[in-house]
Amino acid sequence: MELIKTILSSQLDDSFFSTTRLGSTVENSNVSATVAQIIADVQKDGDAAIKNYASRFDKASPDSLLISKEDLQHAKDELQKNNPELYKSLCLSRDLAMEFAAKQKDCFTDFECELRPGLITGQKTIPVERAGIYVPAGRFPLLSSVIMCLTPAKAAGCTETVLCTPPRPHPANPALPYADTGIMAAAAICGADKVFACGGAQAIAAMAYGTQSIPRCDVIAGPGNKFVAEAKRLVYGQCGIDMVAGPTEVFIIADETAHPAWVAADMLAQAEHDIDAQAVLVCQSTSFAEKVKAELAKQLETLATAQTAKESLNRHGCIIIEENLEKAALIANRKAPEHLELALDAGEMRDSLAKMVRNYGSLFIGHEAAEVLGDYAAGLNHTLPTSGSARFTGGLSVRVFLKTVTTLRAKGNAGDGYINSLKAANVLGTTEGLEGHAAAARIRL
């Protein structure tokens, strides 16, 4: 069986641009029904429902949910002592992410201006009060997701940050709440205000509606499996969410200056996530495609996650041959990938492509700009739109935890601007049959 298929761009059909990797209609319907029941149970029974689901699905079911500050600090101290390189890497990642998020916040400026004499309008950017963060702890606990979700909330200025993550057995007392020690350490490094041993769709429901222990949150962010994603979709409106994410993606546009080994490595870095992940390369020749295929096979021989990566490449990966790189950019715009790489030397063509592409979660420009840097340690956030949603949204940023509100002041004696607006409001209210609106304007004339 061929590791990854090669096709001409002219052979692409609508299926390449679809979101079928998100599962069948029947499967999605079953997931939705299961999650809806979990949410209803948490709304009704609160902590009791969470403990019931923990006993069924998790590795531990503690008597309480709030992890102590002492346990969080101990996890942080132990990590610093036993794995100083990981500790330093987490701190660097946190610092870069915080600096970038703070720079983002600086772009949101408050203002007030007099649009017409006597009509003074304004804008304010206000952080939400309580941010809810979810971090899964499956086969590979996502320590970096703690950083990527907590730092923008902290930079936004949220009053409180709440983090939920699946429970793990406490080493001293199984009745006490505990979690993956790496996640607890990362939460302490990032200054999470409260950390709860609560996982799955029930954690999303708890943060959306509140329970006896877990406070209701205004915005929920963070990755998770299909049950977590569906829970976020269902609670949206009760609270805000970052996005509903699907399988991860990388789309690489490469010319003959690209390094086949680097391109292959970046494709495998996405493929190893999940059998439904998608790694796509667009290059100009079959000879370059064959070089990348050879590198994929070579690197898979020593990759610990080779089984997952192979299945991902075989199911969803592809190499597309397109000599015209501007056409490749148009394909990328229609695909709207999560990660988009331009593997070209610096120059006019790379600059042109960087301007042409517009639908992506993050753009990585040049051979040195490895996507893995965006995942871990470049300041960028790695929580990004998938399944074509980059057509209409960006990734997780400080913006998710901020709300832009407007203000109005008026001065009746400052000129005709105020009077003209009242007159217009009277006419529009009368025209729409809303006489109370019209009267509220007329009474001020």
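## Terms and model

A residue is called buried when its relative accessible area is under 20%, exposed when that area is over 50%, and partly exposed in between (1.4 Å probe, protein chains only). Welcome to a predicted model, where local features need pLDDT of at least 70, side-chain atom pairs count only at pLDDT 80 or more, and totals for chains, interfaces and linings use all residues. Residues are numbered from 1 along each chain as its sequence is written, and side-chain values use heavy atoms, leaving out hydrogens and water.

## Phe16 and Phe17

Phe16 is buried, at 10% relative accessible area, and Phe17 is buried too, at 19%. Rings of Phe, Tyr and Trp (its six-membered ring) pair if their centres lie within 6.5 Å; planes under 30 degrees apart are stacked, over 60 edge-to-face, and the rest tilted.

Searching the whole structure gives 2 aromatic pairs. In one of them, the planes of Phe16 and Phe17 stand at 80 degrees with ring centres 5.0 Å apart, so this pair is edge-to-face.

## The pair in helix α2

Tyr53 and Phe57 make a stacked pair, with 15 degrees between the planes and 5.8 Å from centre to centre. Both belong to helix α2 (residues 47-57), 4 residues apart, about one turn of the helix; helices are DSSP runs (H or I, at least four residues), numbered from the N terminus. Tyr53 is buried at 5% relative accessibility, whereas Phe57 is exposed at 52%.

## Charges over the rings

A charge sits over a ring if NZ of Lys or CZ of Arg is within 6 Å of the ring centre and within 35 degrees of the ring normal. Arg334 lies over the face of Phe17, 3.9 Å from the ring centre, while Lys335 lies over the face of Phe16, at 4.4 Å.

Technical notes. Helices (H or I, at least four residues) and strands (E, at least two) are DSSP runs, numbered from the N terminus.
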